[in-house]
Amino acid sequence: MPQHIKRLIGAFAVVIILFLLLQTILRPTSFGKIGHYRADAIQENKMKELHYAGSDKCTKCHEEMKTDKEVGFHATLQCEACHGPGLKHAMYADKFKDGKLPDSLMLHKPGSRKECVICHQLNAARVKIVFDTINNSMIKQIDPMKHNLVDKRNFAKLVCIECHNPHQP
Amino acid sequence: MTQHIQHLYEVLSKVDGYVYPNEIELNWSILIVLYPYITGLVAGAFILASLERIFKLHVLRPTYGIALLTALSFMLVATMPLVSHLGKPLRAYEIMVTPHLSSAMAIFGFVYLWYLMVVLLLEIWFDYRRDMIIWAGETTGLKRFLYRALSLWSTDISPKAVALDNKLGYIVTIIGVPSAFLLHGYVGFIFGSIKANPWWSTVLMPVIFLFSAIVSGISLVMLVYIVITRIRKLKIDMPCLDTIASYLFYILLIDFVLEGLDQIHRIYIAEESFDVLHNLVFGRLFFTLFIMQGLIGTVIPLLTLGTLQFYKPKIQIRKAIYTIISPLILIGIFFMRWNVVIGGQLFSKSFYGYTSFKIGLIGTEGYLMAAFWLIVPFIILSFLLWLFPPWKKKEDDHEIQVG
């Protein structure tokens with residue numbers, strides 16, 4: 001075999017061996033223990049900070065909201081869909097004897113017209129979508145520029161929750 | 001919470017109709033457009049070089065070396081748009097150390113390596129080894145060291161050794177053509193196999209990608225050749241250019257017909273996704289699809305090159321035509337990739353709505369980043385042309401010794 005072909009094969013052998021070597025070195029240690037992924041990834045994801053508590057947690061303290069909401073149209077909504085992530089609030093709210101929570105633990109109270117129409121905005125593409133196949137119902141839509149925009153008596157701007165109870169609309 | 005809602009309002013203003021939450025923002029941006037574009041240029045340039053070698057088309061000889069080096073310079077950059085698109089680019093190597101057969105992307109790493117190491121580098125090495133040894137004797141300093149090292153310090157330039165190089169190089173070329181087809185067919189496969197997306201999911205995708213790749217690669221080599229001869233103030237080899245142009249015409253024609261076939265098929269079967277795609281094509285994609293890809297990139301080049309098949313104007317005019325048409329085709333193919341990658345994400349998989357694509361100038365996914373990855377291959381190409389000038393090779397016909 002000519003000298004240069006031998007060298008070429010040698011060079012390729014070096015590259016391949018180097019690659020295999022790197023492959024064993026760089027392969028994450030916990031890889032493949034359970035499946036084709038890093039087993040540590042599960043642990044790492046468990047350590048991630050949580051933000052949401054879930055409605056069941058909320059109603060432990062806010063019993064009246066539960067009874068309100070259960071019979072209304074918003075029965076299926078999670079509290080935190082409107083109030084925002086509330087895990088910290090749910091964990092620490094009862095630590096304050098006088099019931100006065102610091103600002104950092106207070107939750108958002110979505111009262112403005114903008115916030116209800118996130119779900120109720122008139123939207124041509126959504127009309128056909130059946131939200132709940134059993135009741136064959138869908139999220140009702142309103143045109144926020146027309147639906148009771150101002151109070152006819154004094155022309156003050158109206159917000160949705162003046163007429164609709166958000167927990168039992 | 002309020003800033004979340006602010007952000008939601010901002011992004012919702014880009015949306016028409018109903019889209020799923022994860023469709024509001026496009027995740028595959030211009031860098032993912034570049035990736036099939038650049039791999040296409042590689043495969044196309046290589047196939048042009050192989051035409052010369054396998055079918056012994058000696059008229060194409062002036063572009064052989066240029067085509068190979070162009071393929072190599074773009075190949076070295078092909079994965080970079082993908083890597084810089086990643087949120088964690090430093091983890092990119094993990095796809096290579098923990099490959100899985102069920103991941104098309106993981107296997108692509110190996111298709112890429114095969115093509116780079118076993119096809120391109122080997123073919124260039126066999127082609128240049130003798131010249132590197134000769135040039136090493138004529139130069140000094142770093143250049144001499146580079147030639148020495150790259151020829152693996154070999155010294156044998158006897159006719160027998162050179163004949164063996166040519167034979168092996170020929171074999172590599174023969175392996176190379178299906179490999180180039182595989183490389184680019186694979187890129188099309190990655191898109192074509194996403195069955196949830198009716199704009200992508202077609203078995204024709206690999207074939208269409210392949211032919212558009214050949215078209216773009218040939219145009220690129222044509223343009224590079226014209227520019228190089230102009231810089232070196234040489235007379236351009238018109239028979240060579242004319243031959244390239246006629247290949248370009250035929251392959252562009254095939255590409256056009258294939259893409260047309262795909263669309264006709266889509267129109268004829270008119271699946272439930274048809275309405276949403278119809279609106280997409282005549283709405284958000286109108287400019288890039290009909291004007292840029294269709295008119296500029298396909299119809300004008302087809303008509304001009306087609307005319308040249310019957311009627312040959314003066315050399316000056318032909319040269320001007322080639323200089324204008326090749327960039328047009330390059331732009332057209334770029335927008336073909338754009339229409340596939342971006343177009344496939346503009347409509348909702350619920351078929352009820354559309355989102356839109358905005359791209360910034362700066363940032364990791366902006367125009368500047370994309371321009372950067374398009375310029376780097378040309379810098380590499382200039383370096384390679386300086387190190388391995390094809391025009392300084394001792395002229396011999398390797399085919400004669402093989403044949």
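Visitor: Let's start with one residue. Is H4(A) buried or exposed?

Guide: H4(A) is buried, at a relative accessible area of 0%. The words follow cut-offs, with a 1.4 Å probe and protein chains only: buried is under 20% relative accessible area, exposed is over 50%, and partly exposed is in between. Keep in mind that this is a predicted model, where local features need pLDDT of at least 70, side-chain atom pairs count only at pLDDT 80 or more, and totals for chains, interfaces and linings use all residues. Residues are numbered from 1 along each chain as its sequence is written, chains are lettered from A and ligands numbered from 1 in the order in which they are written, and side-chain values use heavy atoms, leaving out hydrogens and water.

Visitor: Where does H4(A) lie, and which residues does it touch?

Guide: H4(A) is part of helix α1 of chain A. Helices (H or I, at least four residues) and strands (E, at least two) are DSSP runs, numbered from the N terminus. Leaving aside residues up to four places away in sequence, H4(A) touches W125(B), R129(B), S154(B), A161(B) and D165(B). Contact here means heavy atoms within 4.5 Å.

Visitor: How do I read the whole interface?

Guide: The size of an interface is often given as the accessible area lost when the parts come together. Here about 2600 Å² is buried between chain A and chain B, and carbon and sulfur atoms give 74% of that. This buried area uses a 1.4 Å probe and is summed over both parts.

Visitor: Which helices of chain A take part?

Guide: α1 (3–26), α5 (79–83) and α7 (113–120) of chain A each supply at least two residues of the side touching chain B. The largest share, 12 residues, is from α1(A). In all, the contact takes 31 residues from chain A and 33 residues from chain B.

Visitor: What about salt bridges?

Guide: Side chains of opposite charge can pair when their charged atoms come close. The rule asks for a side-chain nitrogen of Lys or Arg within 4 Å of a carboxyl oxygen of Asp or Glu.

Visitor: Which residue does R284(B) pair with?

Guide: R284(B) forms a salt bridge with D16(B), their closest N and O atoms being 2.6 Å apart. R284(B) sits in the loop between α11 (274–282) and α12 (286–310) of chain B, while D16(B) is in strand β1 (residues 16–17) of chain B, so the pair ties together parts 268 residues apart in sequence. R284(B) is partly exposed at 31%, and D16(B) is partly exposed at 41%. In chain A, E44(A) pairs with R38(A) at 3.1 Å. D127(B), D131(B) and K393(B) are linked in a network of salt bridges.

Definitions and conventions
Buried area = accessible area lost by both parts, 1.4 Å probe.
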